[in-house]
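Thanks for coming. I will walk through one structure this morning, a piece at a time, and you can follow along on the screen.

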Amino acid sequence: YFLIAFIILGIFLRVVGLKQEYLWDDEQLSMVSAIKMHRQDFKSGVLYFQEHPGLGKWLVALPSNFITANYQPLASLGPNMFAWSFLAYESISANYGAIRLMNALIGVLAIFFVYLIMKKLFNRKAALWGAAIMAMSPDMIALSRHEVLMKIISISMVLGTIYFYIMYLMEKVEDKKWIYLGATIVFMTFALGSRNFDPLFIIPTIILSQFFINRGKDKLKENLIVTGLVILSFLFVFYYTYPPEAKVFAQNHLNANSPVELIGFTFPSMLYFIMIRNSYIIPIAFVLTILGFIYYLNKKENSDQEKALINPWQFLKPNEPKAVLLIFLIVSFFGIGFTRLGSGFMYNLTFYASLFLLSGIAISHLIRKYNKLKYLFLLIFLVTAIQITPNFPYSTWDYSNFNIGNGFYGNKLDKTVPDSILNELKSRGNPLI
């Protein structure tokens, strides 16, 4: 019941008072782009704010089709005319609450996908722990409250892809199996269409999982069909919905004209972010998972039923859908770690999604062996809630474990907003101003 209470609290913090906060620096530009897709045309919307593909923005701005406002000035805003974004004031004023609500609901959906995946693969306790960890993550709360660069949509759509793919793997009825595969491709398309870099790791995750889990010559045709559909999803997003000039802008933004130029070594930064981002439970669960890999390294077939640590090696078996979780973790961790973008925690979002999934089973498995530890973890949830509630929502902007670092947005406030707004923020209790 305590876990359910924390899940409900996390959902509440995502949706309450969405119209009370100021727009983030890129949020207004992203909203203008999204509204233009519905009130002008899709390509014009993508070209206005070209950093990422447009499907995620298109999704959150669906309510604009039913909201009356003066949309005529939107046509005056050409590609990258950010300095003139004030022309869209009436459009944004009428729509920003609805767009933020859509974004928040998609953030809530991510919680339920974590629950559904873990319940399907493990049990209800692991599902509740995983969902509670996702629900009480200050980063995920903050990103759910702001439609900015499609971060929470990326995570939610990736988790939706994983869920429906697992349902496809476990389904025995042939017709239902292909329905689940179709849903997998739809969610993958929206994942790829939300951000440029981090969702890409869902592609090798699905393809590697397909050939690893469904082994054998009799499965080759099915595996090739799945691979083909995954590739078509990628081509649809980046060669049909994303104009060439927008891709050039994105390449310039990333300072990379080819994938080779993204190669780097950023594992230290990734490990640092694991320790300070999301919540105190994430680093604990990550360490438990790694210890499980090490402990069972020379006894991979041993049961973990009587042990405190899970045996992750048992997931890596043919015809075992749980293998998807480990392949997802490995692909996203090493894929991001061997690029220079891993040095920014915003590019670690897909990897965080894999951590939310494995955290639930790692914690619940430990508690099964040492039941009294559940009170410690519930206390950690309570500490997180106390940290982010008094100065909410600003506390979610500036959150980091042990107060290490400056959060991911709050440290910019004194440089990016006028004094009049700063004074009001001070009066409303932002602790870092």
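Let me start with Arg277, which is buried, with a relative accessible area of 3%. Before going further, please keep in mind that this is a predicted model. Arg277 is found in the loop between α13 and α14. What does its side chain meet? The side chains of Arg277 and Asp139 are joined by a polar contact of 2.6 Å.

Is Asn278 buried or exposed? Asn278 is buried, and its relative accessible area is 1%. Its backbone also deserves a look: Asn278 is not a glycine, yet its phi is positive, about 75°. That positive phi comes just after α13.

Where is Asn80 found? Look in the loop between α4, residues 55-60, and α5, residues 89-121. Asn80 counts as partly exposed, because its relative accessibility is 30%, whereas Asn278 is buried.

Now back to α13 itself. Which residues of α13 are buried? They are Phe267, Met270, Phe273, Ile274 and Ile276. As a general point, an α-helix has 3.6 residues a turn, so residues three or four places apart point the same way. As for what covers the buried residues of α13, the cover includes α14, α15, which is residues 323-337, and α16.

How many residues are in the largest nonpolar core? There are 143, and the members that touch the most others are Met118, Leu325, Phe351 and Phe381. The helix that gives the most to this core is α8, residues 151-170, with 14 residues.

Next, Ser364. Ser364 is found in helix α16, which covers residues 349-369. With a relative accessibility of 11%, Ser364 counts as buried; the cut-off for that word is under 20%. A polar atom of the Ser364 side chain lies 3.3 Å from the backbone oxygen of Ile361. Beyond its neighbours within four places in sequence, Ser364 is in contact with Lys125, Ala126 and Trp129. Ser364 and Ala308 are 56 residues apart along the chain, and their C-alpha atoms are separated by 9.5 Å.

On to the charged pairs. How many salt bridges does the count give? The count comes to four, and I will go through some of them.

Take Glu27 and Arg100, whose side chains meet in a salt bridge at 2.9 Å, N to O. Glu27 lies in helix α2, residues 27-39, and Arg100 in helix α5, so this pair ties together parts that are 73 residues apart in sequence. Both Glu27 and Arg100 are buried.

Then there is Lys177 with Glu222, a salt bridge in which the closest N and O atoms are 3.9 Å apart. Why does this pair tie together separate parts of the sequence? Lys177 lies in helix α9, residues 174-192, and Glu222 in helix α11, residues 220-241, so the parts that are tied are 45 residues apart. Lys177 and Glu222 are both buried as well.

Arg195 forms a salt bridge with Asp198, with the closest N and O atoms 2.9 Å apart. Arg195 counts as buried at 2% relative accessibility, and Asp198 counts as buried at 0%.

Finally, the surface. Which residues make the nonpolar patch there? Leu376, Leu379, Leu382, Val383 and Ile386 make a nonpolar surface patch of about 430 Å². Leu379 is found in helix α17, residues 373-388. Leu379 is partly exposed, and its relative accessible area is 46%.

That is where I will stop. Questions are welcome.

Technical notes: Residues numbered from 1 in each chain as written. Predicted model: local features only at pLDDT ≥ 70, side-chain atom pairs only at ≥ 80, totals over all residues. Heavy atoms only, no water. Core = buried A, V, L, I, M, F, W, Y, C linked by side-chain atoms within 4.5 Å. Buried < 20%, exposed > 50% of the residue type's maximum accessible area, 1.4 Å probe, protein only. Helix = DSSP H or I, 4+ residues; strand = E, 2+ residues; numbered from the N terminus. Patch = residues over 30% accessible without salt bridge, like charges linked within 9 Å, V, L, I, M, F, W, Y side chains within 5 Å. Areas by Shrake-Rupley, 256 points an atom, 1.4 Å probe, with all protein chains shown as cover. Contact = heavy atoms within 4.5 Å. Polar contact = N/O pair within 3.5 Å; in protein donor to acceptor, adjacent residues only side chain to side chain.
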